[in-house]
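The following note sets out points to consider while the structure is inspected. Each point may be read beside the coordinates.

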Amino acid sequence: MRVALSWLRELVDLPESADELREVLDDLGLVVEAIDRVGEPLDEVVVARVDEIRPIAGADRIRLVVVDAGDGPLEIVCGATNFGVGDHVPLARVGAVLPGEFVIARRQMRGVTSNGMLCSPRELGLSDEHEGLMLLQGVEDRLGEPLHEVLGIVSDVIFDISIEGNRPDAWSVVGVARDLATRLHRPLRPPRVATTHSPVAAATVAAAGIDDPHLCGRLTVSVIRGVSVGPSPVWVAQRLEGAGLRPISNVVDASNLVMLELGQPTHPYDASRVARRTLRARRARPGEQLVTLDGVTRQLARAGRGLGDTGVDCVIVDGEDAVLGLAGIMGGASSEITADTTEILLEAAYFDAMTIARSSKRHGLRTEASVRFERGVDPELAPRAVARFVAILRESCPDLEWLADPLDVRGIVPAPPTVELRGGDIERMLGASLDRDEVTRLLEGLGFSVTAGSTSLFVIAPSARLDVRHGAAGRADVVEEVARLYGYRRLGRRTPSWAEPGALGGRTRLRRRLRDVAVDLGLHEVWTATLVSDEEFDLVARGDQRVRVTNSLVSGESTLRATLLTGVLRTWARNEERGVGDVIVGEIGTVFTHPTVRGGRPTRGGVAGATTLTLPGEHERFTVVLGRPEDDAATAVAWWSVLAERLGLADVVVRSRDDLGEGMHPTRGAQLVDRITGAVLGRVGEVEADLVAALAPGLRARRLGLLDVDLDALADPARARRRESEALVPSRYPSALLDLALVTPQSIHVQDLAQALRSSSPLVESVQLFDVFRSPSLPEGTRSVAYAIRLGSRDRTLSDEEIRAVREALLASAAALGATLR
C-alpha cells in the first residue's frame, strides 16, 4: 500500500524525516519496502499544444507530432495514440532530466529528428499510468509554463508499505496514522466529514434490504442529489496518483479516496439507472450473468475449485431483482456513473470476508475493494465513510444535497471479543513488566476499550480489529499489540528455555568426546561379547559371584562379563596371530556385578518387608590395550596424559597403589585418582604377563600397555564441573626460566609437589618435571626430583627482585610438603 507522507502529516504531527519515520513504521510491523520521492521540480518540462500529426514513412508505430510550447513549432517523434490535434500535453525539452536520471537528447528516428519527448504520467514520476500521454485540461493560455507550476505539484514522499494479512485496520491511511500517533504519544486528527441538512429523508425516495444476512452483515444506502460529474480537485487527483490509482471523475475519485483514507470501500450507482431506487444484497443464482465495469461478462454462482468454495457469490440487485454488481469486488456497467449523472445511490456495506475472497479468486478479479473486504472491513465504519465521501464531493459539487437518515439495514456481524489480561500475562509472554497505565494508554490509542479490575484489565476490541480472537488466543493477540506499540526494541533480550527432546545427554556427549579423542590418538575401537564362559570370567574375577542368564545362545557362554579386558586382549591376540597386532585396540562397554540381597522393599504385587534381589549392577568402562612394539607402562601413562589433557581433566593424577586389581601388572601399574575428591577413576600400566599367556598361549611374551577407565566416575557431576580447561593467553613480555632440584620423601607424589609449586605465585606459568634421581647418597626414604619452572607476567617484564621473590615462594611451598633444595 502506497501512503504519502503529506497525507499522514495531515492526520498526525510528524516533524521527523522520511528515514526516521521508516524506522518507526518498520518497528510497528508496517514494513516499508521502498520510499519514492515524487513531485520534484522537472526542469525543462513545459505545457505544449498539439498542432499537427503526420505519419512517418516506413513506420507504423510512431508518428511525427508538431507541437507549440509558445516559441514556435517543434517536431517530436511519438508512439502514443491517445491524443489528437488541439490537445495539451507535457513536453520535455532537449536537456531535460526525467526521474531515473533519464536525459532527453535530440535523436534521429526513421530519418526524422525528434527535438524532445512527449511524456506519460509514469515517465514524469506522477503515477503508474503509462498507456498514453498525460492530457492536460484547462491550460490553453499557459503554453510554455513549467508543468509543476501549472499542475500545482508539490514534492512528496511515498511510503510503499507491506501490510500483513492479519492487520485489516492498517489497510488505510488513518490506520497507519493511528499506529504512529499511539507510538509517538501524539493526537490523531480525524479527517473532516460532512453532515446532512436536507429536510427529505432517504427512505421516502429509496429502499434497501438484505436477503442473506450471513453474506452481507450491513448495508447502508445514501441518496445524494445535485451531483455534477467532472474532474476532481487537484489535491484529490494527486492523492490518488500517489497511491497508484488513476483519477476518473470527481464521484469515482471521492469513493476511491475514502477507501484509501478510511479503509471502507463504497460504490456509487447512477440513481436514474437503478430500478425503484432500491439496492438489495442477496446470494447469486445459478445461470445469472453480470457485465462488470471492465466490460467482462461473468457467470455467477459457479462452483469453484478451491477448498470449501461452493460457488457462492454475493450480489447487489435493484428493485426488479436485476444484478447490478458483484458485491465487494466490482460494480456492473449497467448502473455506472456517467457525465449525465445528477443523482447517486451510495452503497457502503460489510460483507463476509471468506465469501469475497472466494468470489475474487474464482472470477480472477482482484480489486482494491476486494483486498480490503477479504481481510475484514470495520462493520461500524460505513456511516463515517459516507460522510467523508460527501465532504470530498462537495468541493467540486457545491450544490450537493445529502438526504437525511441514510438507509441502514443490518444482518449478522461479528461481536467484538472481551479479553481479560490477568496479572503477569504480559510479563510471562514478553519477558518484561510494563506499567498498567502505559498498557492502557497504548490499547486505548488503538481504539480498544479498557476497564481496570483488581488484578486484571478487561479489554474490548474495537469493531475494526476483526483479527482479535476470543479466549486465550485473544489474550495473545492483545499482548502482541501492546508489544508492537511499546516497541520490540525496548523489550529486554533473553534466551527462553524449553525442553529439548532428543538432545544429547551429558553421558552421551562425554562418550562421544572420549571416542573422538581416542580415535585421534590411534585407537581402533572394537566390540566384544557381553556373555563369556566361566573360564574366561575366572581369569580376572576368580571366586567372585557372577551373573548368569538362563537363555543364552551358547550354553558355555552364559555369564555376564565383569571386565572388558579379557575381550579386548583376546581381540588383540587374534590380530597378532595374523601379523597385524601392532595396534591400539579398545572398547567402551558395560560390565556387570552380582546383585546383593537386602530387605525392606516390597516386591511388585508382594508383601511389604519381604526380602528381594536387586538387579545386577551395570557399570560403563573404557578399556584400551596398547599392543605396539614400543608400548609399555610408560607409553600407557603418556597416552592417558594426552587423553586427559584433551578432555580437560586437569585434576587427575597417577598414584601408585598395592592393589591394582586382577589383570594389571602388580609393580608396573598405578591408579587414576581425582586429586581433589580422592575418587578412583581407573588404572594405567601394563597387562599382567600370566593373563596374556592364558589368552594367547602361542604368542611370544611381550609387554602390553593397559588403560582402564571408569566412565561412571568420570561422568560424575563433580568431575563435570572441572572438565572445561582454561585457555592461556601467551604473554607478549619475555619469560624467566628456573630449574629447581628438590629432595622429597618417597611418600610425596611428584604431581602434588608440582601443584604446590604452581600455586605458590600468580607469576608461575608452568611447572614441568624433567628428572627423578635416586641414590644411596640421598637420605633414606627420599629421592631427588627436578622441575623446569617458567615465570612470566602479562603486563610487564619481570625484574630480578620479582624473580628472587618468586623463587623464595617456590621453596617455601616445597618446604611445606617436606621438600628441600638439593
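1. At what distance from the ring centre does R490 lie over the face of Y486? The value is 3.8 Å for R490 and the ring of Y486. The charged end of R63 sits over the ring of F83, 5.3 Å from the centre of that ring. A charge is taken to sit over a ring if NZ of Lys or CZ of Arg is within 6 Å of the ring centre and within 35 degrees of the ring normal.

2. The model is a predicted one, in which local features need pLDDT of at least 70 and side-chain atom pairs count only at pLDDT 80 or more, while totals for chains, interfaces and linings use all residues. Residues are numbered from 1 along each chain as its sequence is written, and side-chain values use heavy atoms, with hydrogens and water left out.

3. One aromatic pair is counted, where rings of Phe, Tyr and Trp (its six-membered ring) pair if their centres lie within 6.5 Å, with planes under 30 degrees apart called stacked, over 60 edge-to-face and the rest tilted. The pair is formed by F351 and F373, in edge-to-face arrangement, at 5.2 Å centre to centre and 65° between the planes. F351 belongs to strand 22 (residues 344–351) and F373 to helix 8 (residues 368–373), so the pair ties together parts that are 22 residues apart in sequence. Helices (H or I, at least four residues) and strands (E, at least two) are DSSP runs, numbered from the N terminus. Both F351 and F373 are buried; buried means under 20% relative accessible area, exposed over 50% and partly exposed in between (1.4 Å probe, protein chains only).

4. The largest nonpolar core has 85 residues, and those with the most contacts inside it include F159, F389 and L421. Helix 9 (residues 382–393) supplies the largest share of this core, nine residues. A second, separate core of 37 residues includes A281, I316, L365 and V377. Such a core is a set of buried Ala, Val, Leu, Ile, Met, Phe, Trp, Tyr and Cys residues joined through side-chain atoms within 4.5 Å.

5. Strand 25 pairs with strand 27 (residues 457–460) in the antiparallel sense over four bridges; two strands pair if DSSP finds at least two bridges between them. L421 stands opposite L457 in strand 27. Among the residues that L421 touches, not counting residues up to four places away in sequence, are I426, V439, L443 and V479; contact means heavy atoms within 4.5 Å.

6. Three strands form an open antiparallel sheet in the order 1-12-2. Strand 1 (2–4) and strand 2 (31–38) stand at the edges with a single partner strand each, so one side of each is left without a neighbour in the sheet. Three bridges join strand 1 to strand 12 (residues 156–162), and V3 has F159 as its bridge partner in strand 12.

7. A further open sheet has seven strands in the order 28-31-34-38-37-36-35, with mixed pairing. Its edge strands, strand 28 (523–525) and strand 35 (652–655), each pair on one side only. Strand 28 runs parallel to strand 31 (residues 584–593), joined by three bridges, with G586 as the bridge partner of E525. D710 lies in strand 38 (residues 705–710) and is buried, with a relative accessible area of 17%. D710 touches E620, R621, L681 and G682, not counting residues up to four places away in sequence.

8. In helix 14 (residues 534–541), the buried residues are E536, F537, D538, V540 and A541. Their cover includes strand 29 (531–532), strand 30 (559–560), helix 15 (565–577) and helix 17 (689–695). G543, which follows helix 14, has a positive phi, near 85°.

9. Most residues other than glycine have a negative phi. R110, in the loop between strand 9 (107–109) and strand 10 (112–114), has a positive phi near 55° and is exposed, with a relative accessible area of 58%. R277, in the loop between strand 15 (266–270) and strand 16 (278–283), has a positive phi near 50° and is partly exposed, at 27% relative accessible area.
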